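Here is a short briefing to read beside the model. Keep the structure open and follow each group of points in turn.

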Amino acid sequence: MLAIIASLPISLLLFLLSPLIATHFFYKSSLIFPLRVMGLAIAPLAVVFLFSSALKGLKKVRDAVVLEGGSLPLTTGLGLLLIGTRFGIQGAAVIYLMCSILVAFFGFFVWRTCIQGFEHSVSEINLKEILDSCTPLFFVQLMTMMINWSAMLSLGVWSNEAEVGVFGAALRTAMLTSFILTSVNSIVAPKFSALFSQGRYSELGSTARNSTMMMIFLATPILLLFLVMPGQVLSLFGAQFERGGVLLSIMAIGQFVNVTTGSVGYLLIMSGNETLMRNNTVAAALFTIILNLILVPPFGAVGAAIATSSGLIVLNLGAFYLVWRYLGIITVPFFKNSI
């Protein structure tokens with residue numbers, strides 16, 4: 001209920017400001033209706049991610065990954081294939097909203113199924129405790145979105161639709177490694193919390209390094225492909241996307257740092273250092289936005305790629321330092337804890 005209450009004002013604000021954003025920010029009045037519809041999807045999406053996180057806490061990793069990473073793209077893709085092409089961007093927005101609501105109900109059903117028999121064994125958590133923990137995480141999520149998507153907004157203002165499309169394809173392709181990171185983090189995040197609460201810091205460091213090694217092993221072949229054959233990879237979207245190969249290579253470097261530093265963000269969050277993570281993410285987001293303002297007007301998509309990759313590097317290196325400074329843990333493989 002708290003997630004819905006918190007997301008409704010944002011949905012309302014986006015709904016009311018859609019004409020202003022579309023006409024004065026993107027200079028495209030055709031975006032008014034899609035922005036309004038997508039704003040209505042914020043609340044159901046919040047519910048989806050809430051149930052997904054709850055399932056991870058129950059160690060139902062498979063169900064959480066299916067709910068968060070598979071259900072919405074699958075249902076949306078099917079909807080677009082069936083009727084989306086008939087109605088253009090307006091139809092796509094409506095399909096996305098309907099699928100978001102459908103997946104939210106599906107998440108509720110999965111959650112209720114998984115907690116059967118546990119309803120009376122869970123103690124109530126004080127609302128203040130929830131707010132103290134989730135308020136910094138709200139800014140973490142918000143600033144992370146700014147790091148990932150501020151370049152798209154900047155290109156929407158200072159570039160053309162074709163360049164935005166090529167950059168978007170390169171960005172989403174570079175972020176494919178996030179599926180690996182999400183899967184590994186879904187497994188280790190509850191373990192981080194348990195080991196820290198039990199004071200088993202040596203095991204905590206070992207688990208962090210082992211998970212980093214796993215991510216490097218799984219993600220490195222993909223990242224090497226993005227570095228060696230970026231144009232060929234993007235040409236899968238169409239011949240006109242091949243010219244975005246340099247963008248993919250640049251952003252693959254940022255993803256490589258993301259992988260090799262390990263689950264540093266989750267280590268901070270699961271050890272009660274949400275405020276440190278918030279401060280680090282805010283600093284990285286501001287750095288990314290400033291770089292976009294400096295680089296996008298003269299260099300276009302290349303400047304956007306540099307800003308996005310640099311922001312991701314700053315975010316992860318900052319979190320890596322904070323984990324070492326406050327937890328005494330080095331997440332890079334082959335190093336031992338300093339505790």
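The structure holds two aromatic pairs, where rings of Phe, Tyr and Trp (its six-membered ring) pair if their centres lie within 6.5 Å, and planes under 30 degrees apart count as stacked, over 60 as edge-to-face and the rest as tilted. This is a predicted model, in which local features need pLDDT of at least 70, side-chain atom pairs count only at pLDDT 80 or more, and totals for chains, interfaces and linings use all residues. Residues are numbered from 1 along each chain as its sequence is written, and side-chain values use heavy atoms, with hydrogens and water left out.

**Aromatic rings**

- Phe 196 and Tyr 201 form an edge-to-face pair, because their ring centres are 5.7 Å apart and their planes stand at 65 degrees.
- Phe 196 has a relative accessible area of 24% and Tyr 201 has 33%, so both are partly exposed (buried is under 20%, exposed over 50%, partly exposed in between, with a 1.4 Å probe and protein chains only).
- The rings of Tyr 321 and Trp 324 make a tilted pair, with centres 5.9 Å apart and planes at 50 degrees.
- Both Tyr 321 and Trp 324 belong to helix H13 (residues 301-327), three residues apart, or about one turn of the helix; helices here are DSSP runs of H or I with at least four residues, numbered from the N terminus.
- Tyr 321 is partly exposed at 43% relative accessibility, and Trp 324 is partly exposed at 40%.
- The charged end of Arg 325 sits over the ring of Tyr 326, 5.2 Å from its centre (this needs NZ of Lys or CZ of Arg within 6 Å of the ring centre and within 35 degrees of the ring normal).

**Nonpolar cores**

- The largest nonpolar core has 54 residues, and Phe 167, Leu 247 and Met 251 have the most contacts inside it (a core is a set of buried Ala, Val, Leu, Ile, Met, Phe, Trp, Tyr and Cys residues joined through side-chain atoms within 4.5 Å).
- H13 supplies the largest share of this core, nine residues.
- A second, separate core of 18 residues includes Val 37, Val 48, Leu 55 and Ile 95.

**Ser 100**

- Ser 100 is placed in helix H4 (residues 61-114) and counts as buried, because its relative accessibility is 0%.
- A polar atom of the Ser 100 side chain lies 2.7 Å from the backbone oxygen of Tyr 96.
- Beyond its neighbours within four places in sequence, Ser 100 is in contact (heavy atoms within 4.5 Å) with residues including Ala 41, Pro 44 and Val 48.

How values were computed. Helices (H or I, at least four residues) and strands (E, at least two) are DSSP runs, numbered from the N terminus. A polar contact is a pair of N or O atoms within 3.5 Å; within protein, one must be able to donate a hydrogen and the other to accept it, and residues adjacent in sequence count only if both atoms are side-chain atoms.
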